[in-house]
Amino acid sequence: MKHIYSTILLMSITILCFGQRDYSYMPSKRNFKVKYVNYDHKNRKAYTEVWQLAGKSKDSSGKIRYNIESEITTIKQNTFYQYFHFTSQDSNFYIGAERYLDPIKLDSYQKMVVKIDADRVVLPLKPIPGKILPEASCQADILRGTGSVLMSMTVLLVNRKVDGIESLETPAGKFKCYKISSDKIYFSGISRNKTKLVEWYAINVGLIRMEEYHKKGKLISYKQIESIAEDFFIP
């Protein structure tokens with residue numbers, strides 16, 4: 001399985017504009033900003049994420065790469081940035097499994113080198129209800145100044161399945177979504193935790209909502225799209 005190797009860095013990226021809309025889980029034909037709000041099980045805001053297109057390229061095989069800048073703001077109004085990418089090719093859309101790591105926890109190590117080894121999470125562009133999807137994993141190693149590993153965090157996504165098609169209404173609008181479920185297994189040190197994820201994706205928008213549950217069915221947290229701005233003017 002193909003892996004992605006990356007280091008979380010704080011950096012500046014020049015925003016570029018692009019043309020034609022693609023059939024994918026991305027919302028814009030030129031540029032966009034999507035705002036997500038993360039809530040705990042009591043509907044209290046935990047943090048917000050604003051994703052903005054920072055660059056787009058297409059190679060000779062037809063694979064499209066979308067570079068994303070994510071501005072994350074905590075409830076204490078601390079803001080930091082993370083950078084990642086999605087790809088689209090043929091009938092699939094790919095998300096790096098590092099997106100399933102906790103961004104707040106990752107940022108707590110921003111003064112250290114974080115080495116990430118992540119699979120690509122496959123999202124079919126034309127999902128078939130009942131279809132089983134490939135598993136994926138991600139490991140983040142926090143490195144000491146000597147290069148040795150201080151600690152590791154590992155996420156496994158197993159039992160991934162297309163559950164069906166549903167309509168969801170959010171502050172950003174009403175969307176026809178593909179519902180995908182999976183089991184998430186998280187390791188860090190000697191601790192191990194298993195939860196259930198349910199995600200809803202809409203074509204030409206992307207992630208609409210994500211919910212995480214304890215194994216006994218109690219809600220832990222959820223993320224929801226709050227607004228979309230497309231094709232806005234960039235001075």
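Q: Where do I start, and how are residues counted here?
A: Start with the ground rules: this is a predicted model, in which local features need pLDDT of at least 70 and side-chain atom pairs count only at pLDDT 80 or more, while totals for chains, interfaces and linings use all residues. Residues are numbered from 1 along each chain as its sequence is written, and side-chain values use heavy atoms, with hydrogens and water left out.

Q: What does pLDDT tell me, and what is its average in the chain?
A: The term pLDDT stands for the predictor's confidence in each residue, from 0 to 100. Here the chain averages 86, and 88% of the residues score at least 70.

Q: Where in the chain is confidence lowest, and where is it highest?
A: Strand β1 (residues 3-7) has the lowest confidence, with a mean of 43, and strand β12 (residues 206-214) has the highest, at 97. Over residues 1-19 the pLDDT is below 50, although this stretch has 51 contacts in the model beyond near neighbours in sequence. A word of caution: where pLDDT is low, the predicted coordinates should not be read in detail.

Q: How many helices and strands does the chain have?
A: Helices (H or I, at least four residues) and strands (E, at least two) are DSSP runs, numbered from the N terminus. By that rule the chain has 1 helix and 13 strands.

Q: What share of the chain is buried?
A: Buried means under 20% relative accessible area, exposed means over 50%, and partly exposed lies in between (1.4 Å probe, protein chains only). Of the 235 residues in the chain, 49% are buried.

Q: Is Asp90 buried or exposed?
A: Asp90 has a relative accessible area of 70%, so Asp90 is exposed. Look for this residue in the loop between β5 (79-89) and β6 (92-96). The phi angle of Asp90 is near 55°, a positive value in a residue other than glycine. Asn43, in the loop between β2 (32-40) and β3 (45-58), also gives a positive phi, near 65°.

Q: How do I read contacts, and which residues does Thr74 touch?
A: A contact means heavy atoms within 4.5 Å. Thr74 sits in strand β4 (residues 64-74) and counts as buried because its relative accessibility is 16%. Setting aside residues up to four places away in sequence, Thr74 touches Ala46, Tyr47, Phe80 and Ile104. Across the chain, among contacts between residues at least 6 apart in sequence, 53% join residues at least 24 apart.

Q: What is a salt bridge, and how many does the structure have?
A: A salt bridge is a side-chain nitrogen of Lys or Arg within 4 Å of a carboxyl oxygen of Asp or Glu. A search of the whole structure finds 6. One of them joins Asp40 and Arg44 at 2.7 Å, N to O; Arg44 is partly exposed, with a relative accessible area of 47%. Another joins Glu212 and Lys184 at 3.7 Å. That pair links distant parts of the chain, with Glu212 in strand β12 and Lys184 in strand β10 (residues 173-188), 28 residues apart. Glu212 counts as buried at 16% relative accessibility, and Lys184 counts as buried at 12%. Glu211 and Arg209 also meet in a salt bridge, at 2.7 Å.

Q: What about Glu199: which side chains make polar contacts with Glu199?
A: A polar contact is a pair of N or O atoms within 3.5 Å; within protein, one must be able to donate a hydrogen and the other to accept it, and residues adjacent in sequence count only if both atoms are side-chain atoms. The side chain of Glu199 has such a contact of 2.8 Å with Tyr100, and one of 2.8 Å with Tyr201. Glu199 lies in strand β11 (residues 191-202). When judging charge, Lys and Arg count as positive and Asp and Glu as negative; His and the chain ends are not counted. Glu199 is buried yet has no salt bridge, and the nearest side chain of opposite charge, Arg160, is 5.5 Å away.
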